[in-house]
Amino acid sequence: MGARSVTVLGAGSWGTALALHLARLGNLVVLWARSASLVDAIRAAGEHDLHPGIRFPDGLQASGDLVSACSGAEVVLFACPSHATRAVAEQVRPLLSGRPLVVSTAKGVEQESRQTVSAVLMEALGPTLAGRVSVLSGPSFAREVARDLPTVVTAAARELTVAEELQQLFNGPTFRVYTATDVVGVEVGGAVKNVIAIAAGVSDGLGFGSNARAALITRGLAEISRLGIRLGADRQTLYGLSCLGDLVLTCTGDLSRNRTVGLRLGRGERLGDIIASMREVAEGVRNTVSVLALAASVEVEMPITEQMDMVLHHDKEPRRAVTDLMSRRPRQEPE
């Protein structure tokens, strides 16, 4: 596959890291940011301050003009937060020509519709592009991708040929891509792991140790699997990169924004103060509500998610939430 014209919508750390990677592979990449001041700062410095010291390669430019950014794009990559995806897609739809490859990189469930991000994109972009929507997901911290460190992820689409097109676009010497057609499993794993990571952070912040963290990861995987399988996911997908791999990374890695939120909650900080101090979105905070609503709609029990909702949105004391999880009625494993 030769060089392609790529538009990355969203200049946060993840969108910027992916733009850097694609430009290094020889593609012509436009990184769109809503903030004009951010675009000016990137152009002046030749780098993004979220990735200091990492210069933009030739072929990567920042833009604040959505019309020109989307003009002639062969690939459109959505790297905005999940709750903003629909609005951006509706803006972009009339600007696209032909049938570009559409890539979702956000991990979440839309609160109002309880749809995954790819489903939102399919609806917002219309039937002409619905079959071109794909998902890139897996254990991948933006900072490490930006630094060109080894990373392995999954490219998923309902049609294997579309997943393979995404694989060919991203695959490189330090970025290995596997394909999948189980989009539901890939997206459910990516969305719910953020909630479990907050719980793991809370446990660590309370000083509960490695045993508790391991239990939360394991029972978190069981929780994700119940929901994913009820929604039609393949169990094997949930044991792969986009679920188990991403879950382990996000629950244990120091670069995890969601784990950081949990750590600070466990140490006694207030959620409002934590969010106000962060430059980027911790998707798990908002998605705790939407994931819980999705689970309720299909009658799936998710006790960790329930307790995190109580801590995040109903002022429950974190220590009490962990105690309540530990004191639930004894169960059999596997369920």
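# Chatting through a predicted model

Analyst: Buried residues make up 55% of the 335 residues in the protein chain; buried means under 20% relative accessible area, exposed over 50%, and partly exposed in between (1.4 Å probe, protein chains only). This is a predicted model, where local features need pLDDT of at least 70, side-chain atom pairs count only at pLDDT 80 or more, and totals for chains, interfaces and linings use all residues. Residues are numbered from 1 along each chain as its sequence is written, and side-chain values use heavy atoms, with hydrogens and water left out.

User: OK, how many helices and strands are there in the chain?

Analyst: The protein chain has 17 helices and eight strands. Helices (H or I, at least four residues) and strands (E, at least two) are DSSP runs, numbered from the N terminus.

User: And what does the C-alpha trace span along its principal axes?

Analyst: About 60 × 40 × 35 Å.

User: Let's go inside. Which residues touch the most other members in the largest nonpolar core?

Analyst: Val192, Ile224, Leu227, Val261, Leu265 and Met308, out of 40 residues in that core. A nonpolar core is a set of buried Ala, Val, Leu, Ile, Met, Phe, Trp, Tyr and Cys residues joined through side-chain atoms within 4.5 Å.

User: Which element gives the largest share of this core?

Analyst: H9 does, with ten residues. Apart from this core lies another one of 38 residues, among them Leu18, Val29, Val39 and Phe175.

User: Back to Ile224, what is it in contact with, leaving aside neighbours within four places in sequence?

Analyst: Ile224 is in contact with Val188, Gly189, Val192, Lys193, Ile196, Leu238, Cys243 and Leu247. Contact means heavy atoms within 4.5 Å.

User: Lys193 is on that list. Which residue forms a salt bridge with Lys193?

Analyst: Asp246, with the closest N and O atoms 3.7 Å apart. Asp246 is in helix H12 and Lys193 in helix H9, 53 residues apart, and the pair links distant parts of the chain. A salt bridge is a side-chain nitrogen of Lys or Arg within 4 Å of a carboxyl oxygen of Asp or Glu.

User: Are those two buried or exposed?

Analyst: Asp246 counts as buried because its relative accessibility is 1%, and Lys193 is buried too, at 6%.

User: How many salt bridges does a search of the whole structure find?

Analyst: It finds 19. One of them joins the side chains of Glu333 and Arg219, at 3.5 Å from N to O. Glu333 sits in the segment after H17 and Arg219 in helix H10, 114 residues apart. Glu333 counts as exposed at 59% relative accessibility, while Arg219 is partly exposed at 28%.

User: New topic: where does Ser134 lie?

Analyst: In strand E6, residues 133–137. Ser134 is buried, since its relative accessible area is 0%. Leaving aside neighbours within four places in sequence, its contacts include Leu101, Val103, Ala156 and Leu166.
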